[in-house]
Amino acid sequence: MTVAWVLGSGGLLGAALSRALRRKGTDLSFPSERFLWADESHFSSQLKKAVQGFAVRVDTAERWEIYWAAGVGTMGSTEGDLALETRFLTLLLRSVESEPRLMAMPGAVAFASSAGAIYAGSPDYLISENTAAAPTTAYGREKLTQESLVRSFADTNGGKHAFLGRLSTLYGPGQSFGKQQGLIAHIARSMIRNRPIQIYVPLDTIRDYIAADDAAASMIAAMRAKTREPRIVTKIVASERPVTIAEIISAFRRIARHAPRLITSASKLTGIYPRRVQFRSSVAPFGASAPTTSLLVGIAQVMAAERAAFARGLGP
């Protein structure tokens, strides 16, 4: 039996990971109390206690897995906010190392990173794991630092595995209202509320969008692949289907049966987003990269979820 703990289970990716793990019959472990991420001292105490509880929970299991899908950082986050996330991740890994029960049995840590941020400055037309990292923001650089922490954890502790998933642009129902990112969620919410839609990049900008449920399934499949070597795997998790912003707008027009009200302009963040992003994973298992949700179906699901949220009075 495998016991898994998803940090950030209330977020878009974390919730998708929890759903996918349940479908696979994985026993999920949850902390006894809700984490207070904004209070560093209190959170540190909560995290140490949660790791101790997790160690007790997995005592009779065959294997444990920890998925880090937490954090509130974005491309526009300050270095201070990003450093706080890194300290939390460091504390988690050190707390795991201090638990003899966790160290005595097979275990793995999966870390969700951002492919767009890590390769933002790359001149390559098609980006794979062989492409050199080229972050252009503090967010991208901090993601590399966090990846190195997880890599070092697996390097230092024999028998432990690490999966570093570099995800393309996630979307799906249930994206946070408070996190200022997510073009598809932003368009859906604006159309439902009959508001103009601010677009800060050219409409021919190319992106790779992957449904959160597809990304979660790919992460789990890659981390549990039968090939156990190498113990540390870095893999791009993407739909590998490039799409322009104009095509996304067109999909919304088809689904809503009316044209969205667009306002295109520049902002201080416009320059940090690359114009064209196309991904192709060269790391096995290759089947783990195959998405099952088409963009049109995924956008329709987001629209339906946002309509339901609006009817309940949720959102700005």
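Author: Gladly! This is a predicted model, and we can start with glycine 14, which touches Val6, Gly8, Ser9 and Ala69, leaving aside residues up to four places away in sequence.

Reader: What makes these touches count as contacts?

Author: A contact needs heavy atoms within 4.5 Å. Val6, Gly8, Ser9 and Ala69 are listed as touching glycine 14, so they meet that cut-off.

Reader: Why is glycine 14 called buried?

Author: Glycine 14 has a relative accessible area of 0%.

Reader: How far from glycine 14 is alanine 212 in sequence and in space?

Author: The two are 198 residues apart in sequence, and their C-alpha atoms are 8.9 Å apart in space.

Reader: Which strands form the open sheet, and in what order?

Author: The order is S6-S8-S10, with mixed pairing. Strands S6 (169-171) and S10 (242-244) stand at the edges because each has a single partner strand, which leaves one side of each without a neighbour in the sheet. On average, neighbouring strands here are turned by 55 degrees against each other, direction ignored.

Reader: How do you know that S6 and S8 pair?

Author: Pairing takes at least two bridges. S6 and S8 (residues 206-211) have 3, in the parallel sense, so they qualify as a pair. Leucine 170, for example, has isoleucine 210 in S8 as its bridge partner.

Reader: Which strands does helix H10 lie across?

Author: Helix H10 (residues 295-311) lies across S6, S8 and S10, at about 50 degrees to S6.

Conventions: Residues numbered from 1 in each chain as written. Predicted model: local features only at pLDDT ≥ 70, side-chain atom pairs only at ≥ 80, totals over all residues. Heavy atoms only, no water. Buried < 20%, exposed > 50% of the residue type's maximum accessible area, 1.4 Å probe, protein only. Helix = DSSP H or I, 4+ residues; strand = E, 2+ residues; numbered from the N terminus. Axes fitted to C-alpha atoms, helices over the stretch in contact; angles between N-to-C directions.
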